[in-house]
Amino acid sequence: MKAGVQTYDGTGVMTIMIGLDIPGRGALNLEVAVFDYNGTLAVDGQMLGPVAEGIRRLVEEYGLEVHILTSDTFGTVNQQCRELPVTIQVLRSKEHTAEKAAYLERFGERQVVAVGNGSNDEDMLKRAALGVVIIGGEGCSSRALTAADVAVNRVEDALGLLLNPKRLVATLRR
């Protein structure tokens with residue numbers, strides 16, 4: 001276990017999460033990761049190279065519960081993620097911004113990291129305990145950028161922050 005914290009849920013099951021104490025911000029105990037798909041984990045419906053390994057490591061090393069939200073514009077998300085330990089939610093409403101933000105409510109008091117790049121990620125990034133925006137090849141909306149706690153250039157950088165959590169302390173301390 002790296003910078004993780006061990007906790008026990010009501011059933012006595014141990015959970016490993018990303019747990020940090022950030023000076024000037026307080027405790028950050030991430031248990032759930034919610035990712036936008038296109039523009040964040042994938043470009044034109046095709047998952048970017050290092051994503052699968054990074055997601056596997058988040059699950060195996062930290063026990064994070066990983067969710068992927070998408071409108072599945074290219075119809076590829078299930079095929080691209082078929083071997084990953086993730087939950088996929090294809091968005092159904094016409095109001096994706098609200099649907100993505102509402103999705104986070106299912107986790108109750110559990111702390112969530114949300115990662116995205118588009119305007120429809122704005123409220124999800126605001127609502128999350130930690131919002132990470134990817135600028136990337138597709139760019140990012142200014143609304144998502146101002147809603148996020150951290151901005152990175154590539155998904156590899158976002159995964160790197162989560163897999164090496166002390167980097168978050170260096171970025172977020174006040």
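Predicted model: local features only at pLDDT ≥ 70, side-chain atom pairs only at ≥ 80, totals over all residues.
Which residue forms a salt bridge with Asp 157, and how far apart are the closest N and O atoms? The partner is Arg 154, with 3.2 Å between the closest N and O atoms.

**Entry: other salt bridges**

I counted 12 salt bridges by the rule I used. I looked at Arg 110 next and found it paired with Glu 65, the closest N and O atoms being 2.8 Å apart. This pair links distant parts of the chain, 45 residues apart. Arg 110 sits in the loop between helix 3 (96–103) and strand 8 (111–116), while Glu 65 belongs to strand 6. For Arg 110 I noted a relative accessible area of 30%, so I call Arg 110 partly exposed. Glu 65 is also partly exposed, with a value of 30%.

Glu 83 counts as exposed at 58% relative accessibility, and Arg 82 counts as exposed at 54%.

**Entry: helix 1**

I went to residues 51–62, which form helix 1, with 12 residues. From first C-alpha to last, helix 1 reaches 16 Å, close to the 16 Å expected at 1.5 Å a residue. Which residues of helix 1 are buried? I listed Val 51, Gly 54, Ile 55, Leu 58 and Tyr 62. These cover an arc of only 100 degrees around the axis, so they lie on the same side of helix 1. I reminded myself that an α-helix has 3.6 residues a turn, so residues three or four places apart point the same way.

**Entry: the cores and helix 6**

I turned to the largest nonpolar core, which has 39 residues. Which of its members touch the most other members? They are Phe 35, Leu 130 and Leu 162. Helix 6 (residues 155–163) gives this core its largest share, six residues. Apart from this core I found another one, of 16 residues, including Tyr 103, Leu 104, Phe 107 and Ala 144.

Helix 6 itself is mostly covered, with seven of its nine residues buried. I wrote them down as Val 155, Ala 158, Leu 159, Gly 160, Leu 161, Leu 162 and Leu 163. I stayed with Leu 162 and, not counting residues up to four places away in sequence, found that Leu 162 touches Ile 18, Leu 30, Phe 35, Leu 58, Tyr 62, Val 113, Leu 130 and Leu 168. Leu 58 and Tyr 62 were already in my notes, among the buried residues of helix 1.

**Entry: two threonines in loops**

Is Thr 40 buried or exposed? Thr 40 is buried, at 1% relative accessibility. Its place is the loop between strand 3 (26–36) and strand 4 (42–43). Leaving aside neighbours within four places in sequence, I found Thr 40 in contact with Leu 48, Val 115, Gly 116, Asn 117, Ile 134 and Val 155.

Thr 76 lies in the loop between strand 6 (65–70) and helix 2 (77–80). I get a relative accessible area of 13% for Thr 76, so this residue is buried too. Which backbone oxygen lies 2.5 Å from a polar atom of the Thr 76 side chain? I traced it to Gly 45. Thr 76 also touches Tyr 37 and Gln 46, again not counting residues up to four places away in sequence.

**Entry: Leu 145**

My last stop was Leu 145, in helix 5 (residues 142–147). Leu 145 counts as partly exposed, at 38% relative accessibility. Leaving aside neighbours within four places in sequence, Leu 145 is in contact with Val 133, Cys 140 and Ala 151. I also checked Asn 117, which is 28 residues from Leu 145 along the chain, and their C-alpha atoms are separated by 7.5 Å.

Technical notes. Residues numbered from 1 in each chain as written. Heavy atoms only, no water. Helix = DSSP H or I, 4+ residues; strand = E, 2+ residues; numbered from the N terminus. Expected span 1.5 Å × (residues − 1). Buried < 20%, exposed > 50% of the residue type's maximum accessible area, 1.4 Å probe, protein only. Arc of directions from axis to C-beta. Core = buried A, V, L, I, M, F, W, Y, C linked by side-chain atoms within 4.5 Å. Contact = heavy atoms within 4.5 Å. Polar contact = N/O pair within 3.5 Å; in protein donor to acceptor, adjacent residues only side chain to side chain. Salt bridge = Lys/Arg side-chain N within 4 Å of Asp/Glu carboxyl O.
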